[in-house]
Amino acid sequence: MVKIRLDDRELEVQRGTLLIDACRAAGIEVPSFCYYPGLSLQAACRMCLVEIEKAPKLQTACTVPATEGMIVRSNTEQVAQARRSMLEFLLGNHPLDCPVCDKGGECELQDMVFRYGASESRYGEAKRHVEEQQWSPVVYFDAPRCILCYRCVRVCDEGMGVGALSVVNRGARTEIAPNHGDHLECEECGMCIDICPVGALTSGAYRYKARPWEIQYTSTICTHCGDGCKTTLSVRNNKILRGNNRDRSGINGEFLCIKGRYAYDFVEHPSRLRQPLVRKGQELVATTWEEAIGMVAAKWGEILSRRNEAANNILAGTSEKRSKGFGVIASNHTTNEENYLLQKFARTVLQTNHVDHHRTADYAALIHALANESPEQPAQAQRPPLARSKDIVGASAILLVGNNPTEQHPLIAWNIREACRRNGARLYIINSRRIPLLRQSHRFLPLGLGHEADALRYLCGEPEAGQALLGKTPSGDPVTSDLLHDFRNRLQEEKDVIVVFGDEITGPDVSLLIRMGSQLSGRTRYIVLGDSSNSRGASDMGLLPHLLPGYRPVEDAVARAFFENRWKTPIPETSGLSVDEMVTATLQGGMDSLYVVGANPLKGRNPADFRGKTFLVVQDLFLQETAQAADVVLPAASAYEKSGTVTNTCGELQRLRKAIGVLGTRTDLQIFESLAAAMGAALHPCRPEEALEEIRQMVPEYNIPLANVLAGGAEAVLNPNGFKPLAAPAETSGRVYSAQDTLFTSGTLGRFSNILNLVPERAIRKEPDPA
Amino acid sequence: MQFSAQLEDKLKKLMRNYPIKRSSLIPMLLFVQDEQGFLRKETIAEIAGRLELTIPQVEETISYYSMLRKKPAGKYHLQVCTNISCLLRGGEELFEHARKKLSLAPGETTPDKLFSLEEVECIGACAWAPAIQVNYQFHHELTPERFDQLIGELQRSRA
Amino acid sequence: MPVSEHEVLVLTERFDLPNSASIDTYLGHDGYQALEKSLKQMTPESILEELKRSNLRGRGGAGFPTGMKWGFVPKESPKPKYIVCNADESEPGTCKDRLLMEKDPHQLIEGILIAGIVVGSHQGYIYVRGEYRYLLEILDRALEEAYARGYLGKNILGTGFDFELATHTGAGAYECGEESALLESLEGKRGIPRIRPPFPAVVGLYGGPTVLNNVETFSAVPAILRNGGEWYAQLGTPRNGGTRLFVLSGHVNRPGVYELPMGFPLRKMIEEVGGGILDGKKVKAVIPGGSSTPVLTADALDTPMDFDSVAKAGSMLGSGAVIMMHEDTCMVKVALRLMQFYAHESCGWCIPCREGTDWLSKTLHRFHSGGGRDEDIGLVEHLAKNMLGRTFCPLGDAAAMPMISFVQKFREEFEMHLSGRPCPFESKQEPATASR
């Protein structure tokens, strides 16, 4: 710590603290354009000039570190005059058409001039004019407005690792330029637009649509991938105009990818379902909610009583081939409350364990492996083995096994880059592809497809497993024993490793991974990468055929009893069918009814093959393959149209807040409630807050302080250390696979986002395989 | 893309001078421009590839340096200095004279592609002002008459 | 043979010898003796002592004591150290380094080698401005000769000292004369200056400690080590050792590059060395050290031309480029041309320099063409003052200082332009003819 004197206040600050940070921490405002926390120093805008005693001229507070006894003044006439003059220089060539500028009202230059500028302009020369350019469907550039703070260049290069922007020409002709001469080819994340202090870079989705003061802001959680970025939606008249995160209040700071920033537009797609549909012969025709709900409830009631009858008959000795009853295929996007209630509805009202969802990461295997691992190192036992997304930034080493976070987990990739750039973290990559993060990698172990487990075995100390890795990989990288050796030795030396892995590691391989991690010399933490906004929540809430909420095995009587006591209804005793098994059984006519909520398990199949095979009820946003085969279609609200909580892939619980409403739709929670009520089986609690309360009581990992979550922050659900060792290891049932969405796809939602379909980069990326 | 054997040799030697590849960039661009007249898109891509740079990295560099150009100049590129020392000795008048003599606006090339004209900043011939450079050749203490003479010589040397 | 009887030939001693650039000529006239002495009879410390004694100050413009600068380089460094010669001579009015390289390249090479010995560097570069292409050929030939004779390369003179030296060309950018911008350029990037500290002596080329000096500075080193620091210091005035290559240009009868002792009186330089003012006219103004230094009026003609005296007179010795302007010169026009230069050469990185030079050149252009307003005179001065000391690198000051001086010293000429007509000097100005 050093003592400095700042505007006649004595301050104690960490040695090396930049004066600008010291000032701001002390509540003394020092203006800047180019200084931006987290990005490299520029000293270009000269707005932060301050007086330092003994220095012959003003110094930039953004480049001078505090030293003992330094006397700094920011409140003198000389400093005020310097700021005034910088703004005068800036306004020379800058257009003064604020009333028609898209940035008006939220422009840093405007604010600075208001605060520090002169009241009149002395500039009487012609202003330099250059035509506005469109660089991509989402990025527009108006050079004369640019003040050359280089934030956009830096965030693209340093933050995104893309480097699509550069500085060309010199002097007053200096401009920012896109990487392809007249257009951009990049990730279209829009970070450059958000970070732009003026109206130079504007968003194709938002520009000239609204004035900032007309907007209401609703911060919620992006519904696209599993990273759980906070996105603050700008809403006017029940219409979402943009997404950003300027207050940096979420786990993602100001980071958003194209999906979080622009791909909210599916909500108003013309194909959006806005009325329930019921099948009349070959046709699905619109109907009222009352009729649709009534029809489903009646049919389901009928099936239930027939099955009860049949069960009695079996007891009575009558032999009748039993059908499998109800199947429920759930969503990766619905809230924790909805997920919890859906499985409760399935298990208590529909009396079935045939509950599953598209599993994109093996959370269950990870939780079980960690819970049942006997802690070898006491230190390890004390520390949470599951890392939060921000923990990546502080880790000294990261081991990435499989996945391509740049495309599939943009926030995780951002954090990894930040760890490498700002903290010198060493990134170890095991992958069968040459992924973009290789640019940041410290060591790379290339693999042939599907050899991840061999690599783990080798790292666990089984040299013979290394044999399978030797030679040239399909991506053309040679693997030698030296390379293997070096990779392993380096990794072994690491003291604090976060292991990040994708769907390449599932089932028993997860235990292998944990064994490998526990052999490293220091602390090891884990992040498993699941696809969607509530993939983790779907698993945690027991939307699984073999596991109850909190990963308690269905077939464990103690676990069942715990829930039965609360729910006052018996739960079927045996594990149910997986998604694939339910689909197959349906085709074979073996399901009485299939209830699909926010999912499209028939993607890539012919809906006609399924018609009439079961009583199919689909609840979704769009009429996809599964809905096209349905008997009843219920139009659901999207994540941006409801409240509740979701859990990201790192286990961070965050709150969804309703931004808009879409007429004709109902939230999934409301639909469950209506269906249960129509069947005479009150499903409660049906308010999200009350449902969360029950979850907290029944799933101890979710019994966490909520203050943060309610205030718009994140709170990690408890680590598996919080579990008592689970009664039995989980049976693996059903596939775990990622949909391999790219930056520009997002399953069904991506199909209906105009922006995602508009950007040319989408075509360059491989479309994900239909599941 | 292959440059002339002589240039390739020069570039090979150039790259040996530095511990990092990018250091060769500016001389390489200039030497290649000397041979090819200007920097074509394909040439830029070639140089980027040789030095393991991205094309924007090369473009941003080119756009900074006033001697690097992406459009062809005349066979004889006339650069007339009008900075202070030349100004005081008639540099501006010489430039005006050159414009009229060749019927060229700054940055233009004669239809026969023989001459192009540019007004430049100090070229380091202040004690022998006014001065011009024709390609890299200095011509000192010029008068309009001596300028015309020079143009005549250059025209004849082509024939 | 000196052109003027007042010349003291130290750095230019060999200029008139036949084949002055060849190594044989150099070796026949004391060449590489200082190197041999440095390697065999001196230590880095004693060389530094000698340099400090010589009062040699940087000839690029800032006049920083060379011995002190070299002393800043850390002894131990995990990264290689470099010697970089700034031969990006671009300051308007300046063409002395050009002659030093053209006429006596080995003197420069020897000076660079000695810098290498002092700081323990084994690699050097000579960064030559792109326009000086013919010098690349001369320098490369000289380097080849030096390698062939064992003055460069491995185990120099059998002492175990290794040193590699290469030329490097710029491609047209005044800003690359600024030392950190030059390093960026040498690394193949845009010539944008670096944030300092750290200074190049500690973190320079490729992140290694780097000595950066002007051609003339390095070229002075061999003679200093041959004849002693004391001898060199005696040639000049106190704290301003040695001789200086002055470039006389503008309205003098005999423009040229002259080697004169430090502290040589300005009036004598113009009248006796330069042969007086063209057509017997009166002196109106003189820029004493290149375009970046404040203009002086005829009142200052008695100033001795050394760093301290010129500073006392309100300007700077700078690059030693003395630009003379006689009574018919339009000072607004000169200021305009200079501001156009700085606007053209501003790298554009920081706001006050990029916008300030652009604004000044536009306003002066309008002003000079007859569109001037009363308040413009105060405005240009004020704008320049707002740039002064606040830009990212010295280029802003280089534009601001002369601008302020032009307004302050020639305000009445600015006022004369307020008539609404084009420049009042336009009719008086005949194109001057070369007369040498």
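Strands (E, at least two residues) and helices (H or I, at least four) are DSSP runs, numbered from the N terminus. This is a predicted model, in which local features need pLDDT of at least 70 and side-chain atom pairs count only at pLDDT 80 or more, whereas totals for chains, interfaces and linings use all residues. Residues are numbered from 1 along each chain as its sequence is written, and chains are lettered from A and ligands numbered from 1 in the order in which they are written.

**Strand E2 of chain B**
- Phe115(B), Leu117(B) and Glu119(B) point one way from E2(B), while Ser116(B), Glu118(B) and Val120(B) point the other way, and all are buried.
- E2(B) pairs with strand E1 (residues 76–81) of chain B in the parallel sense over six bridges, where pairing requires that DSSP finds at least two bridges between two strands.
- Leu117(B) in E2(B) is the bridge partner of Leu78(B).

**Contact between chains A and C**
- The contact takes 24 residues from chain A and 23 residues from chain C, two residues being in contact if their C-beta atoms, placed from the backbone, lie within 7 Å.
- On the side of chain C that touches chain A, the largest share, ten residues, comes from H14(C).

**Chain A**
- Chain A has 27 helices and 32 strands, and 54% of its 771 residues count as buried.
- Along its principal axes, the C-alpha trace of chain A spans about 100 × 60 × 50 Å.

Conventions
A residue is buried if 20 or more other C-beta atoms lie within 10 Å of its own, exposed if 12 or fewer, and partly exposed in between; C-beta atoms are placed from the backbone.
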